[in-house]
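Let's take a walk through this structure together. Keep the sequence and the 3D view at hand, and follow along one feature at a time.

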Amino acid sequence: MKYIERVLAELNKKYADQPEFLQAAREVLDSIAPAVEKNEAVYERNAILERIVEPDRQIQFKIPWVDDNGNAHVNIGYRVQFNNSIGPYKGGIRLHPSVNPSIMKFLGFEQVFKNSLTGLPIGGAKGGSDFDPKGKSDREVMAFCQSFMTELYKYIGADVDVPAGDIGTGAREIGYFYGQFKRIRGVYEGVFTGKGLSYGGSLARKEATGYGLLYMTDELMKDHGDTLEGKTVVISGAGNVAIYAAEKATQLGAKVVTLSDSTGWVYDKNGIDLALVKDIKEVRRARISEYVKVHTDAVYTEGKGVWSVPCDIALPCATQNELLEDDAKMLVANGCKAVCEGANMPTSLEATKILMEGGVMFVPGKAANAGGVATSALEMSQNSERLSWSFEEVDEKLHGIMKNIYKNISTTAKKYGVEGNYVVGANIAGFEKVVDAMLAHGIC
């Protein structure tokens, strides 16, 4: 049995109850086979794969908090510190009822390679809780966040582990997390990114993942003799990533016709009204169905269906495994040219295969959505220097990072004889940098 297959078999046996993590591990290990085969003896002797698929540590804790009616609740908190070979752990905190150990491990594992691709000195981690901030008052969210941080503070720090936002964790939650950390530790340091501008946050951080996704998509199109100008784009989601991906796509001359949330999706043939969406989602925190009350010629549909709309470019920006086999078949049949992932692993392995075999250019999330964590690392740099850069400075650095990521994954794919396979290119490029550091550090 080959080294990779042996490691995957061991993982399947040990973690049969963690399907998301196993999916991520197989996707990475299968695609890095050409790099592993070139160095199999060295990697196996040093147990590189066994070490890279196991987190350095997994922290789980209870989070007791009291609601506005005086009733106590208990949620579960997690932090998975996966690999710090190239820098301090870095990764978001997700607050969503679906959060469990499998999802935390899959996200942390992906984060290792994504952070490596940025070219910046940051390792991979992820955290979160099954707490749902939707429908909670500000006081209830504060009570939860303070209880969460009362446990997590022991394990994080500016040079140890720097969390950030994710699904369910926006400016409000980060503010409460940071305030409690500062209160307990008595230090003012850049231990969180995505902070408010008044206390060490970076301009362009909110826009970064969505903007970076479009900078990547733009590079992809240019490299294939095409452009975003005049293209029809479908986007899933209606959070930060989706909203600012739509904004940058529009700025680059494309027309975005869909957005969605957990209840349904909206199609506007005239192009999505972003000012209205920002009011609905960022101000009122309402459902996307509110859109059609203003634009009566738009269509709202409950449930899934974004990928049924004919398009040139599809950008999944909501959550994991939202683009499945039948969705991929519809995109291929409708002549979609490119799929770039704005969310983490939104496309199933089967759907990815269908897209690539159908001639659709596909860029995985660890490359395409790396703009968010890249800008988080830029925020860390600003905090360390006690400086604040302009929006234009940060955006320019972000654009440069995304261009370099595209060049890196494209060059790596060509190097291993699979030109145009950006999954292989991204995974090998991210893997090789981490492994070089692991080998240099010895067995640890």
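**Cysteines, strands and charges**

Start with Cys-340: its sulfur sits 9.1 Å from the closest cysteine sulfur, the one in Cys-336, and that is too far for a bond. Bear in mind that you are looking at a predicted model. Cys-340 counts as buried, with a relative accessibility of 0%. Now find Cys-317, whose closest cysteine sulfur is the one in Cys-340, 9.7 Å away, and again that is too far for a bond. Cys-317 is buried as well, at 7% relative accessibility.

Seven strands make up an open sheet with mixed pairing, and they run in the order β9-β8-β7-β6-β10-β11-β12. At the edges stand β9 (299-302) and β12 (361-363), and each has a single partner strand, so one side of each has no neighbour in the sheet. On average, and ignoring direction, neighbouring strands here are turned by 15° against each other. Which way do β10 and β11 pair, parallel or antiparallel? Strand β10 (residues 313-315) and strand β11 (residues 338-340) go in the parallel sense, over two bridges. If you want a spot to look at, Ile-313 stands opposite Ala-338 in β11.

On to the charged residues. Side chains of opposite charge can pair when their charged atoms come close. In this model the count comes to 24 salt bridges. One of them joins Asp-161 to Arg-79, with the closest N and O atoms 2.7 Å apart. Asp-161 belongs to strand β5 (residues 161-164) and Arg-79 to strand β2 (residues 72-83), so this pair ties together parts that lie 82 residues apart in sequence. Both Asp-161 and Arg-79 are buried.

Another salt bridge brings together the side chains of Arg-172 and Asp-138, at 2.8 Å from N to O. Here distant parts of the chain are linked, since Arg-172 is in helix α8 and Asp-138 is in helix α7 (residues 138-152), 34 residues apart. Are these two buried or exposed? Arg-172 counts as buried because its relative accessibility is 17%, while Asp-138 is partly exposed, with a relative accessible area of 46%.

Then there's Lys-281, which forms a salt bridge with Asp-261; the closest N and O atoms are 2.9 Å apart. Lys-281 lies in helix α11 and Asp-261 in the loop between β7 (255-260) and β8 (264-267), so the pair connects parts that are 20 residues apart in sequence. Lys-281 and Asp-261 are both buried. Salt bridges can also join up: Arg-6, Glu-10, Glu-44 and Glu-50 are linked in a network of them.

Last stop: a look at the backbone. Most residues other than glycine have a negative phi. Ala-204 is not a glycine, yet its phi is positive, at about 75°. You'll find Ala-204 in the loop between α8 (171-185) and α9 (205-223), and it counts as buried because its relative accessibility is 6%. Arg-285 isn't a glycine either, and has a positive phi of about 55°. Arg-285 sits in the loop between α11 (274-283) and α12 (291-294). With a relative accessible area of 54%, Arg-285 is exposed.

Definitions and conventions
Residues numbered from 1 in each chain as written. Predicted model: local features only at pLDDT ≥ 70, side-chain atom pairs only at ≥ 80, totals over all residues. Heavy atoms only, no water. Helix = DSSP H or I, 4+ residues; strand = E, 2+ residues; numbered from the N terminus. Buried < 20%, exposed > 50% of the residue type's maximum accessible area, 1.4 Å probe, protein only. Salt bridge = Lys/Arg side-chain N within 4 Å of Asp/Glu carboxyl O. Pairing = 2+ DSSP bridges. Axes fitted to C-alpha atoms, helices over the stretch in contact; angles between N-to-C directions. Disulfide = S-S within 2.5 Å.
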